[in-house]
Amino acid sequence: MMNRRNAIKIAGLAAAAVAANSFAAETTAADPKTASTPYPLPDLPYPYEALEPHIDAETMRIHHDFHHQAYATNLRNAVAKHAELAGKPAVELVKHWEHMPEDIRLAVRNSGGGYVNHNLFWQFLSPKSAGEPKGDLAAAIDKQFSNFNGFKEQFSKAALGVFGSGWVWLTMDANKQLRLESTPNQDCPLTMGRVPLLGIDVWEHAYYLKYRNRRADYVKAFFNVIHWEFAAQSFETGVVK
Ligand code: MN
């Protein structure tokens, strides 16, 4: 299985390599995972069942293979209508969706946001969670939220408070100031100039098969599979991968 980080790197390189005049052909490529396809669906960095029993394999399969794939396909089809956008990394499009051509603005906001958010979401999770953050990120969380339990409480409360579909994020700004932020639909903190360190998808497709209407149980389970090393690395580098 392709390493997650390499998959994202390849996604960026592939997008950059696609010439405007080959764009139409690329959008009809049979295999969406080929490196020559812009905005490819990245492999999960672990097997579908790896997060059991906290997040079940069937949810992961549908979430990744169908929902994430749909965001990727819809973003690709939208961008294919504007040759001048060929090769732009997805994160750049999403950061600046308000300045996109009007006919694809909503598609970049929603499908581009969905594509980028899910690229991150799989990396936010790990079957080998450390349980709690360590190092500089842990210190910053303690400073901002009193202690880890304070963070957990506030994050969980925010996740339960999202009305309809959306996300709750732990973000930082250019000054490494941490924030808890909620976004509706597939809006992404990158658009607000933030670096997403961690985020929970609270769309029903993320939990309904296993948890039905019990979002609180899903949020509780989510804390067992957080990839704190990834969050710490993002906190350290400020780079969104
Ligand atoms: Mn989702």
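Predicted model: local features only at pLDDT ≥ 70, side-chain atom pairs only at ≥ 80, totals over all residues.
Guide: A crossing of two helices is called right-handed if the near helix is turned clockwise from the far one by less than a right angle, and left-handed if the turn is anticlockwise.

Visitor: In which hand does α7 pass α9?

Guide: The crossing of α7 past α9 is right-handed. Helix α7 covers residues 148-161 and helix α9 residues 215-222; their axes come within 10 Å and cross at roughly 145°.

Visitor: Which residues of α7 and α9 make the contact?

Guide: From α7 come F155, S156, A159 and L160, and from α9 come R215, A216, V219 and F222. By class, six of these residues are nonpolar, one is polar and one is charged.

Visitor: What is the angle between α3 and α5, and how far apart are their axes?

Guide: The angle is about 140°, with the axes 8 Å apart. Here α3 passes α5 in a left-handed crossing. On the α3 side the contact includes H63, H64, Y71 and L75, which meet a set in α5 that includes N110, G114, H118 and F121. The contact of α3 with α5 holds 11 nonpolar and 10 polar residues, and no charged ones.

Visitor: Which residues coordinate the manganese ion?

Guide: The ion is held by NE2 of H63, NE2 of H118, OD of D201 and NE2 of H205, at 1.9 to 2.1 Å. The spacing of these donor residues in sequence is H-x54-H-x82-D-x3-H. H63 lies in helix α3 (residues 57-79), while H205 lies in the loop between β3 (195-201) and α8 (208-211), so that this pair joins parts of the chain 142 residues apart.

Visitor: Is H63 buried or exposed?

Guide: H63 is buried, as is H205.

Visitor: Which residues touch the most other members of the largest nonpolar core?

Guide: The general idea is that nonpolar side chains tend to be buried together in soluble globular proteins. In this structure the largest nonpolar core has 62 residues, and F151, L178 and Y218 touch the most other members. Helix α5 (residues 102-124) is the main contributor to this core, giving eight residues. Beyond four places in sequence, Y218 touches I55, F121, I200, D201, V202, A206, Y207 and Y211.

Visitor: Where is Q186 found, and why does Q186 count as buried?

Guide: Q186 sits in the loop between β2 (178-184) and β3. Q186 counts as buried because its relative accessibility is 2%, and the cut-off for buried is under 20%. Setting aside neighbours within four places, the contacts of Q186 include Y71, R109, H118, W167 and W203.

Visitor: Why does S129 count as partly exposed?

Guide: S129 counts as partly exposed because its relative accessibility is 22%. S129 is in the loop between α5 and α6 (135-145). Beyond four places in sequence, S129 is in contact with F223, N224, V225, I226 and W228. S129 and W228 are 99 residues apart in sequence, yet their C-alpha atoms are 6.8 Å apart.

Visitor: How many helices and strands does the protein have?

Guide: The protein has 10 helices and three strands, running from the N terminus as α-α-α-α-α-α-α-β-β-β-α-α-α. Of its 241 residues, 48% count as buried. Among contacts with a separation of 6 or more, 67% are between residues 24 or more positions apart.

Technical notes:
Residues numbered from 1 in each chain as written. Heavy atoms only, no water. Core = buried A, V, L, I, M, F, W, Y, C linked by side-chain atoms within 4.5 Å. Buried < 20%, exposed > 50% of the residue type's maximum accessible area, 1.4 Å probe, protein only. Helix = DSSP H or I, 4+ residues; strand = E, 2+ residues; numbered from the N terminus. Contact = heavy atoms within 4.5 Å. Donors = N, O, S within 2.8 Å, 3.2 Å for Na, K, Ca; no water. Axes fitted to C-alpha atoms, helices over the stretch in contact; angles between N-to-C directions. Nonpolar A, V, L, I, M, F, W, Y, C, P; charged D, E, K, R; others polar.
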